[in-house]
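This report describes selected local features and helix contacts of one protein model.

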Amino acid sequence: MTRHAEDLIAIETRLGAHNYKPIDVVLERGSGVWVWDVEGRRYLDCLSAYSAVNQGHCHPKIREAMIAQSERLTLTSRAFRNDQLPLFYEEIAALTGSHTVLPMNSGAEAVETAIKAVRKWGYEVKGVPDGTAEIIVARENFHGRTLGVVGFSTDPDARGGFGPFAPGFVAVPFGDADALEAAIGPSTVGVLLEPIQGEAGTIIPPPGYFQRVRALCTAHAITLVLDEIQTGLGRTGRLFAEEHEGIEADVTLVGKALSGGFYPVSAVLSNKEVLGVLKPGQHGSTFGGNPLACAIARAALKVLVEEGMIENADAMGARMKAGLAGIRSNLVKDVRGRGLMLAVELHPEVGGARRVCEALRERGVLAKDTHEHTIRLAPPLVISEAEVDLAVEALADALRACA
Ligand SMILES: *Cc1c(COP(=O)(O)O)cnc(C)c1O
């Protein structure tokens, strides 16, 4: 490592809060699936900023839209209208089949927005007694880092020391429809789930789980909210991961790749009924729905569809999964995932997914460990066959080196 990278890391260590433990690679440039560090070394990005750069780094058409809009108008606040927001609504509604859209910025804000709307819907439409609304969530969930959201996390790191928390959440095991059914009470207004639990280690629920969850929500007049912030927008080889389950959520949350990584843009997509309860003054955001965000999101959605990225995720995901499954290593316990949302779980006794990720980095591939034993692999959806093979070979080699 040259002084340059070392110096930058030292400044970060000295002045920054230590709420992350990044792999020590200092990146300065990106294009498609590739990123370069300050020493000019090239890496294949297999994290995609936790699926925020599905469209690939610095996609030229999104960049063009961002530059053009930044020269015209960036922010009006919602006190006035702007000419980009309606077009964003029209395009995302057409693409996703949603009836009402509420734009926010970060993913966690979209989650908070949905919780507020679902609670209000519970009181005003379902008729639950005021102040009693309950939302069922899954254990090991990840929905962001705000106080409201970490209050219903079951991860001790995420919630420890941050209480007291808002009441009104019940956590049940993910993938267990009986447990979910047992948790339903007269004041249950919503069920909030990730279609595939990303941060928990790419956990796919058993077949039929979501069908039953959907049926239970319908039978008990409960709003089903799916957090597709990570699974959505092509990541699993479908526009939304719910399509693999053959169900439709009442409320869908999107973020991350909604901007292709250029800018924080998130949205709550809903039927008329749930978002319909929000009246002027009851919810908002200074930056939510700003013209710059809308222009970027419009371009990010356009290239996702026009350039066949969703289909490519399906095809390349299948290739990568087969490649990973073919790796002969007694360190590997399981290979799983859908589309390009993949994970390799190591046997706990060999441990150290972090060690493998460091070895991968030395071989020119960036991936991130999660929950100690799992390596997640989620490259940009624009990845080619040759690049998939390269990533698989690098992992096979890294595992050999760590054996
Ligand atoms: C990343 C993520 C969030 C939070 O998004 P931020 O933009 O980091 O606030 C919420 N839910 C899921 C499933 C995520 O992966």
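Leaving aside its neighbours within four places in sequence, with which residues is T76 in contact?

## Basis of the description

The model is predicted, and local features are reported at pLDDT of at least 70, side-chain atom pairs only at pLDDT 80 or more, while totals for chains, interfaces and linings use all residues. Residues are numbered from 1 along each chain as its sequence is written, and side-chain values use heavy atoms, with hydrogens and water left out.

## The loop between α3 and α4

Helices (H or I, at least four residues) and strands (E, at least two) are DSSP runs numbered from the N terminus. T76 belongs to the loop that joins α3 (60-70) and α4 (85-96). Beyond its neighbours within four places in sequence, T76 is in contact with R81, N82 and P291, where contact means heavy atoms within 4.5 Å. Buried means under 20% relative accessible area, exposed over 50%, and partly exposed in between (1.4 Å probe, protein chains only). T76 counts as buried because its relative accessibility is 18%.

S77 is located in the loop between α3 and α4. With a relative accessible area of 23%, S77 is partly exposed. The C-alpha atoms of S77 and P291 are 9.2 Å apart in space, although 214 residues separate S77 from P291 in sequence.

## Packing of α3 against α12

P291 also takes part in a helix contact. The axes of α3 and helix α12 (residues 291-306) come within 9 Å and cross at roughly 160 degrees. Axes here are lines fitted to C-alpha atoms, for helices over the stretch in contact, with angles from 0 to 180 degrees between N-to-C directions. Angles under 35 degrees count as roughly parallel, over 145 as roughly antiparallel, 65 to 115 as roughly perpendicular and the rest as oblique. α3 is therefore roughly antiparallel to α12.

The crossing of α3 and α12 is right-handed; a crossing is called right-handed if the near helix is turned clockwise from the far one by less than a right angle, and left-handed if anticlockwise. On the α3 side, the contact is made by K61, I62, A65, M66, Q69 and S70. The α12 side contributes P291, L292, A295, I296, A299, A300 and V303. By class, the contact of α3 with α12 comprises 10 nonpolar, 2 polar and 1 charged residues. Ala, Val, Leu, Ile, Met, Phe, Trp, Tyr, Cys and Pro count as nonpolar, Asp, Glu, Lys and Arg as charged, and the others, Gly among them, as polar.

## Packing of α13 against α15

Helix α13 (residues 309-325) and helix α15 (residues 385-402) have axes that come within 10 Å and cross at roughly 25 degrees. α13 and α15 are therefore roughly parallel to each other, and α13 passes α15 in a right-handed crossing. From α13, the residues M316, R319, M320, G323 and L324 meet E385, V388, D389, A391, V392 and L395 of α15. The contact of α13 with α15 has, by class, 7 nonpolar, 1 polar and 3 charged residues.

α15 has 18 residues and spans 26 Å from its first C-alpha to its last, close to the 26 Å expected at 1.5 Å a residue; the expected span is 1.5 Å times one less than the number of residues. Buried residues of α15 include V388, A391, V392 and L395. The buried residues E387, A394, A396, A398, L399 and C402 are likewise part of α15.

## Helix α5

Helix α5 (residues 107-126) has 20 residues and reaches 26 Å from its first C-alpha to its last, close to the 28 Å expected at 1.5 Å a residue. Among the buried residues of α5 are A110, V111, I115, V118 and W121. E124, by contrast, lies in α5 and counts as partly exposed at 49% relative accessibility. E124 and H4 are 120 residues apart in sequence and 58 Å apart in space, C-alpha to C-alpha. Just after α5, G127 takes a positive phi of about 85 degrees.

## Backbone features in loops

Which residue other than glycine has a positive phi near 50 degrees? The residue is A221, in the loop between α9 (209-219) and β8 (223-227); A221 counts as partly exposed at 37% relative accessibility. E140, also not a glycine, has a positive phi of about 65 degrees. E140 lies in the loop between β5 (134-138) and α6 (147-150) and is partly exposed, with a relative accessible area of 42%.

The peptide bond from G163 to P164 is cis, with omega near 0 degrees. P164 is found in the loop between α7 (156-159) and β6 (169-172).
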